[in-house]
Amino acid sequence: MPPAESGAPGRGSAFALSVDVEDYYQVQAFASVVARDAWNRFPSRVVANTNRLLDLFDESGAKGTFFTLGWVAREHPDLVRDIARRGHEIASHGMDHRMITELTPQEFRAQAIDSKSLLEDLSGQSVLGYRAPSYTVGRGTLWSLEILRETGYAYDSSIFPIRRRRYGYPEGPIGPARIQAGKTTIAEFPLPTVGWGSARLPVLAGAYLRLWPAWASLAALDHHRRVGRPLVVNIHPWEIDPDQPTVDPRGRRPWTHYARLDRAAGILRRVLERDSFDTVRSRLEHLGVLERAGDDDGRSATA
Ligand SMILES: [Zn+2]
């Protein structure tokens, strides 16, 4: 494992922005009550919510990386084209939102290949980045990083260096770094945390952008700037949609999914006004963590 921390002191902030493009009924919290073949029965809200995010980004000129679920890209191809046309990066969130912990290496490889070629066809971009459903790159799934390299990806942004029930890799890097991927290496932009005593607190990503009060998110941003550590903000389109239908047929509304849905857009707006935000790819290139096209070990982006 390379040094756990890499920063860019004196080079200005290196903040990235990202969206995991999926609909409200596709999240892991509902996986036990919503079968994948029933997804089409729910009213889709991902296009309208993503367009709201695109407009919000335009207010401050922020650019971001949209880790798009292959299933969403198939259903809404114009959405992928619009995101790319508006100057953002398209990257992969897999095909069907199964966590890596639920996939065999063969299944993971197929999803990596299929989502990449689908998203490249629609966007006209080389898809270089990947984010795992539910951030499930961890100690037991590090094999996936080698497969990402073999299938033409240049970076991953899935490691959350905390411990949670379904995900987390506390030993992982806390800032952008090149990490081992089988016999080679891959660029990693981990999800953001702040040290608190001996613990690390998740901030500005996952549900935490929405669940922490705005002042805490802004303080975490300022802390990262102060110590010169790059950071990637992450949000989901459904997180700015307080009017989304209840998914669970029993009417259960898990707090972590439904809390403060009316606050997230306002918090995000304040975060984006605080600094400049760019795509994950451009930040990694600027930091020298991502090999530029043509520099890699012969595995081209068009594998
Ligand atoms: Zn997701």
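User: Helices here are DSSP runs of H or I with at least four residues, numbered from the N terminus, so which helix is the place of E75?

Analyst: E75 sits in helix α2, and please keep in mind throughout that this is a predicted model.

User: Is E75 buried, exposed or partly exposed?

Analyst: E75 counts as partly exposed, because its relative accessibility is 39% and that class lies between the 20% and 50% cut-offs.

User: Switching to the metal, which residues are the protein donors of the zinc ion?

Analyst: The protein donors are E22 through OE, and H93 and H97 through NE2 in each case, and they lie 2.0 to 2.1 Å from the zinc ion.

User: What spacing do those donors follow along the chain?

Analyst: The donors follow E-x70-H-x3-H.

User: And why is H93 called buried?

Analyst: H93 has a relative accessible area of 1%, and buried means under 20%, so H93 falls in that class. H97 is buried as well, with a relative accessible area of 3%.

User: OK, what about α4, how many residues does it have?

Analyst: Helix α4 covers residues 105-123, which is 19 residues, and the distance from its first C-alpha to its last is 27 Å, close to the 27 Å expected at 1.5 Å a residue. Just after α4 comes G124, which takes a positive phi of about 75°.

User: Which residues of α4 are buried, and what do they pack against?

Analyst: The buried residues of α4 include F108, Q111, A112, K116, L119 and E120. Among the elements that the buried residues of α4 pack against are the strands β2 (65-68) and β3 (89-92) and the helices α2 (70-75), α3 (77-85) and α5 (143-150).

User: At what angle do α3 and α4 pack?

Analyst: Their axes are 8 Å apart and the angle is about 65°, and α3 passes α4 in a right-handed crossing. At this contact P77, V80, R81 and A84 from α3 meet L119, L122 and S123 from α4.

User: How do α1 and α9 cross?

Analyst: The axes of α1 (residues 46-60) and α9 (residues 264-274) come within 9 Å and cross at roughly 30°. That makes α1 roughly parallel to α9, since angles under 35 degrees count that way. The crossing of α1 past α9 is right-handed, and the residues that meet include R52, L53 and L56 in α1 and A265, L268 and R269 in α9.

User: What covers the buried residues of α7?

Analyst: The cover includes β1 (15-21), β8 (193-196), α6 (208-211), β10 (231-235), α9 and β11 (277-278). Among the buried residues of α7 are A214, L218, L221, D222 and H224. The 14 residues of α7 (residues 214-227) should span 20 Å at 1.5 Å a residue, and the end C-alpha atoms are 20 Å apart, which agrees. Just after α7, G228 takes a positive phi of about 70°.

User: Last one, where does L284 lie and what does L284 touch?

Analyst: L284 lies in helix α10 (residues 280-287) and counts as buried, because its relative accessibility is 0%. Leaving aside residues up to four places away in sequence, L284 touches Y155, P176, A187, E188, F189, V289 and L290. The C-alpha atoms of L284 and F108 are separated by 24 Å, and these residues are 176 residues apart along the chain.

Definitions and conventions. Residues are numbered from 1 along each chain as its sequence is written. This is a predicted model: local features need pLDDT of at least 70, side-chain atom pairs count only at pLDDT 80 or more; totals for chains, interfaces and linings use all residues. Side-chain values use heavy atoms; hydrogens and water are left out. Donors are N, O and S atoms within 2.8 Å of the metal (3.2 Å for Na, K and Ca); water is not among the atoms, so sites may look incomplete. Buried means under 20% relative accessible area, exposed over 50%, partly exposed in between (1.4 Å probe, protein chains only). Helices (H or I, at least four residues) and strands (E, at least two) are DSSP runs, numbered from the N terminus. The expected span of a helix is 1.5 Å times one less than its number of residues. Contact means heavy atoms within 4.5 Å. Axes are lines fitted to C-alpha atoms, for helices over the stretch in contact, and angles run from 0 to 180 degrees between N-to-C directions. Angles under 35 degrees count as roughly parallel, over 145 as roughly antiparallel, 65 to 115 as roughly perpendicular and the rest as oblique. A crossing is left-handed if the near helix is turned anticlockwise from the far one by less than a right angle, and right-handed if clockwise.
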